[in-house]
Amino acid sequence: MSEAGLEVVQVKYGERMVNRSVVFHDYAQYGLPDAELHMEYNFWVIRDGQAVMLLDTGYDIPARDWLGEIPVVSTPDGLALLGIDPAGVSMVITSHFHYDHIGYLRLFTNARVVSGQAEYDYWFGKWRRDELEGEFTIAEHLEPVKRAEGEGRLWLIGEETEVHPGITVYPVGGHCPGELLTTVRSRSGPLILAADAAHFYEQIENEWPFFAFTDLQEMRAALSFINELAAKTGATVVPGHDGRVRDRFPAADGEAARIATVLG
Ligand SMILES: [Zn+2]
């Protein structure tokens with residue numbers, strides 16, 4: 001890893017407006033007014049010299065819009081704008097196996113795929129039992145994970161693991177059984193890329209659970225863990241779907257400014 005730290009860029013590929021009362025679990029208990037939130041759909045590019053790595057991949061919104069997402073840029077076009085050839089990406093970390101995070105995994109045919117062991121067990125179990133109907137994942141999205149496994153490119157994570165110098169993943173569960181938190185020693189200092197362990201800033205500030213979870217206690221524990229880790233390391237936490245991240249960090253230069261935010 002270069003002394004200066006790794007380069008981290010967030011790429012926005014979609015968006016939609018949501019209500020607090022819908023996205024926060026049992027929001028009525030807080031006795032607060034409802035309000036709209038700008039939900040953004042992102043993936044993250046991490047560069048270490050010539051090495052290009054991704055956290056998550058986005059998905060093809062026009063091909064199948066799940067919850068009314070509005071497309072901003074397709075993942076292939078977004079990567080092209082950043083000068084990235086998917087075949088040259090050396091590693092893709094999947095925060096979890098929901099459609100909006102692994103939908104384009106098929107593009108990265110040479111990458112080592114880093115996923116939670118519990119995530120793999122949970123979704124491949126459902127697939128085997130023909131239980132994917134109505135879930136936030138389809139078999140087509142799991143195929144590239146299987147392919148990576150067949151080609152010896154799948155790395156399943158069961159505990160805190162440094163997957164590349166300066167990049168560490170932590171299985172936290174909650175939102176999904178094998179949800180991974182990713183920390184990066186970036187050029188601007190340590191970052192915690194929360195992905196869906198925390199979708200919005202309110203969840204970190206107040207430790208409010210999101211409405212979608214496989215284990216509520218695990219989700220609460222994950223939010224506490226994020227705050228403990230941030231306090232211990234001085235890291236800046238980046239929630240996975242919050243439109244306000246783009247207000248707190250500079251946009252990339254040139255044409256990419258519309259979609260890319262420089263986190264580190
Ligand atoms: Zn998500």
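The legends below describe close-up views of a predicted model.

Local features are taken only at pLDDT of at least 70 and side-chain atom pairs only at pLDDT 80 or more, whereas totals for chains, interfaces and linings use all residues. Residues are numbered from 1 along each chain as its sequence is written, and side-chain values use heavy atoms, with hydrogens and water left out.

**View 1. The zinc ion and its four donor atoms.** Asp100 (OD), His101 (NE2), Asp196 (OD) and His241 (NE2) coordinate the zinc ion at 2.1 to 2.3 Å. Donors are N, O and S atoms within 2.8 Å of the metal (3.2 Å for Na, K and Ca); water is not among the atoms, so sites may look incomplete. Along the sequence, the donor residues follow the spacing D-H-x94-D-x44-H. Helices (H or I, at least four residues) and strands (E, at least two) are DSSP runs, numbered from the N terminus. The arrangement is irregular because the 4 donor atoms subtend angles of 87 to 159°. Four donors count as tetrahedral if all angles lie between 85 and 135 degrees; four count as square planar and six as octahedral if opposite donors are over 155 degrees apart and all others between 65 and 115; anything else is irregular. Asp196 is buried at 2% relative accessibility, and His241 is buried with a relative accessible area of 2%. Buried means under 20% relative accessible area, exposed over 50%, and partly exposed in between (1.4 Å probe, protein chains only).

View 2. Beyond its neighbours within four places in sequence, His141 is in contact with Trp66, Tyr99, Ile102 and Gly103. Contact means heavy atoms within 4.5 Å.

**View 3. The largest cavity.** The whole structure holds 2 cavities of 30 Å³ or more, and the largest has a volume of about 140 Å³. On a 1 Å grid over the protein atoms alone, a cavity is a set of points where a 1.4 Å probe fits but cannot get out, and a pocket is an open set with protein on both sides within 12 Å along at least five of seven lines; lining residues have an atom within 4 Å of a point. Grid points are joined across faces, edges and corners, and a volume is the space filled by probe spheres set on the points. Of the 15 residues lining the largest cavity, Leu67, Tyr99, Phe136, His199 and Phe210 lie nearest its centre. Strand E2 (36-48) and helix H3 (99-102) are the elements giving two or more residues to this lining. By class, the lining has 8 nonpolar, 4 polar and 3 charged residues. Ala, Val, Leu, Ile, Met, Phe, Trp, Tyr, Cys and Pro count as nonpolar, Asp, Glu, Lys and Arg as charged, and the others, Gly among them, as polar. Leu67 is in the loop between strand E3 (51-55) and strand E4 (70-71) and is partly exposed at 37% relative accessibility. Leaving out residues within four places in sequence, Leu67 is in contact with Arg16, Tyr99 and Phe136.

**View 4. The second largest cavity.** Its volume is about 40 Å³. Tyr13, Tyr59, Asp60, Ile61, Pro62, Pro71, Val73, Ser74 and Tyr104 form the lining, which divides into 7 nonpolar, 1 polar and 1 charged.

**View 5. The largest pocket.** About 180 Å³ of space lies in this pocket. It is lined by 15 residues, with Tyr170, Thr183, Arg185, Pro190 and Thr233 nearest its centre. Two or more lining residues come from each of strand E9 (167-171), strand E10 (180-186), E11 and helix H7 (216-233).

**View 6. Leu180 in strand E10.** Leu180 is buried at 0% relative accessibility. Among the residues that Leu180 touches, not counting those up to four places away in sequence, are Ile93, Val114, Ile157, Val169 and Ala194.

**View 7. Positive phi at Asp130 and Ala195.** Asp130, which is not a glycine, has a positive phi of about 60°. Asp130 lies in the loop between helix H4 (117-128) and H5 and is exposed at 70% relative accessibility. Ala195 in strand E11 has a phi near 45° and is buried, with a relative accessible area of 1%.
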